[in-house]
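Work through the exercises below with the structure in view. Try each task before reading its solution.

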Amino acid sequence: MPRFKSEPDELDMITAAYLAGENWKQTAIADTLGKSQAAVSRLLSHARHKYLREELRFLQEKVSPEMMRQVMQRASRNALSEKLGHLAARAGRRAPVLRIFPCKAPLEKRWERMGELSRLAAPYIRDLILRSEVCGVTWGGMLSQVVSAVQGLSMTPPWKAEGIEIIPLSGEPLGDAPTTYSSSSLAQGLGAAVNGPDYYARSLAMVPAFIPDNFERNQIAGVWRLIGLVPAYAQIFGTRNIRALEDQSLVNRLDMVITSVGPADRPLGFGRGRLFATGNLKVEDLRNLVCGDMGGVCFERAGLTTRQRLKLDGVAARWTGWSRRALDRCAARAAAGDSFQGPPGVAVISIGRDRAEFLLEAVALGCVNHLIIDDELQGEMERLLDARLAGR
């Protein structure tokens, strides 16, 4: 009577161990690998001792770089990834590396769900950061959960002997949300986790994220003069009026950006409140101009009139943080290299169906290199993509 093979496929075994090390359940690993749960159980049994410890920490140091590259490709392969590949190819872009983490927290408890996704994704985000020399951080509740999860990893800093520069990509929000969600606060928290408690990230604490549009010209000049007193601003973004220094600024040397996204109905959502109460621009106006934002960088809606585009240009002129140009540069640099070993580029982490439409637009534009989502967002993106690709 024929017997089962005693040795499983090595790539499947290591991939199963890698996903188990990220706290994936066997059923989720089985879905990704296209195997039964029993088969996954056998794979993990073979992987134990060599690639896993009892607390299910994946021992990446046991795996060669080339095998690890194949593992990452295998782990990110699924139906949505294939569909995103078709979407990106139609626009002449490279599809992002997709990681989906099934979450158990109820959909209506968004904060809990963001925390669960962040904890599941933290080992993967750690590996991306380790491929970076300069890493930028945006803002918001999702990012605060990510930083907290990375701080909880059992990895002693410094992660790299030469250190990893962690920088904020926007000033302080003019709203009522906790300041611990600001880009500067998150950069400091992540920087200390990566480099050790003595690390001090550059801070934009005195820089407003947005200058209201009802300020007079001399008032605007005064705000920029104040911003000019913040040394970190010139170091990160360059000197505003001297473009010769632009290439030396940190924002143009980004290997990675960690960001979430805001949907069209809540653009610049973290800055709502005083941001739209201090000037002529109202959130209702902005909804008609943008399809979403990525860490404060607004993406314009298709079909804007010249007048609408000028209005949106005015919004961008009053935004003091990173720009679409910096975003595109970071994403393009990563897309030109190896998705699994080179600079990571723009890594987006998000939950919720309301982000699906904007994320598809961002993928089609080549603005996302790594996409980290929950299974709810996966389902909505698949639904929208099926409808879009059916109409090709």
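Rings of Phe, Tyr and Trp (its six-membered ring) pair if their centres lie within 6.5 Å. The model used here is predicted.

**Exercise 1.** Find how many aromatic pairs the whole structure holds, then classify the pair Tyr-233 and Phe-237.

Solution. Searching the whole structure gives six aromatic pairs. Now take Tyr-233 and Phe-237: their ring centres are 4.9 Å apart. Their planes meet at 50 degrees, so this pair is tilted. Next, place the residues. Both lie in helix α10, four residues apart, about one turn of the helix. An α-helix has 3.6 residues a turn, so residues three or four places apart point the same way. Tyr-233 and Phe-237 are both buried.

**Exercise 2.** Classify the pair Phe-299 and Phe-358, and state which elements it links.

Solution. Start with the distance: 5.1 Å centre to centre. The planes are 80 degrees apart, and the pair is edge-to-face. Phe-299 sits in strand β7 (residues 297–300), Phe-358 in helix α14. The two are 59 residues apart, and the pair links distant parts of the chain. Both Phe-299 and Phe-358 are buried. Helix α14 (residues 356–364) is itself mostly covered, with seven of its nine residues buried. Among them are Leu-359, Leu-360 and Val-363.

**Exercise 3.** Decide whether Leu-229 is buried or exposed, and name the patch residues around it.

Solution. Exposed means over 50% relative accessible area. Leu-229 has 63% relative accessibility, so it counts as exposed. Leu-229 lies in the loop between α9 (217–227) and α10 (231–237). With Met-206 and Leu-226, Leu-229 makes a nonpolar surface patch of about 310 Å².

Key. Residues numbered from 1 in each chain as written. Predicted model: local features only at pLDDT ≥ 70, side-chain atom pairs only at ≥ 80, totals over all residues. Heavy atoms only, no water. Buried < 20%, exposed > 50% of the residue type's maximum accessible area, 1.4 Å probe, protein only. Patch = residues over 30% accessible without salt bridge, like charges linked within 9 Å, V, L, I, M, F, W, Y side chains within 5 Å. Areas by Shrake-Rupley, 256 points an atom, 1.4 Å probe, with all protein chains shown as cover. Salt bridge = Lys/Arg side-chain N within 4 Å of Asp/Glu carboxyl O. Phe/Tyr/Trp six-rings, centres within 6.5 Å; stacked < 30°, edge-to-face > 60°.
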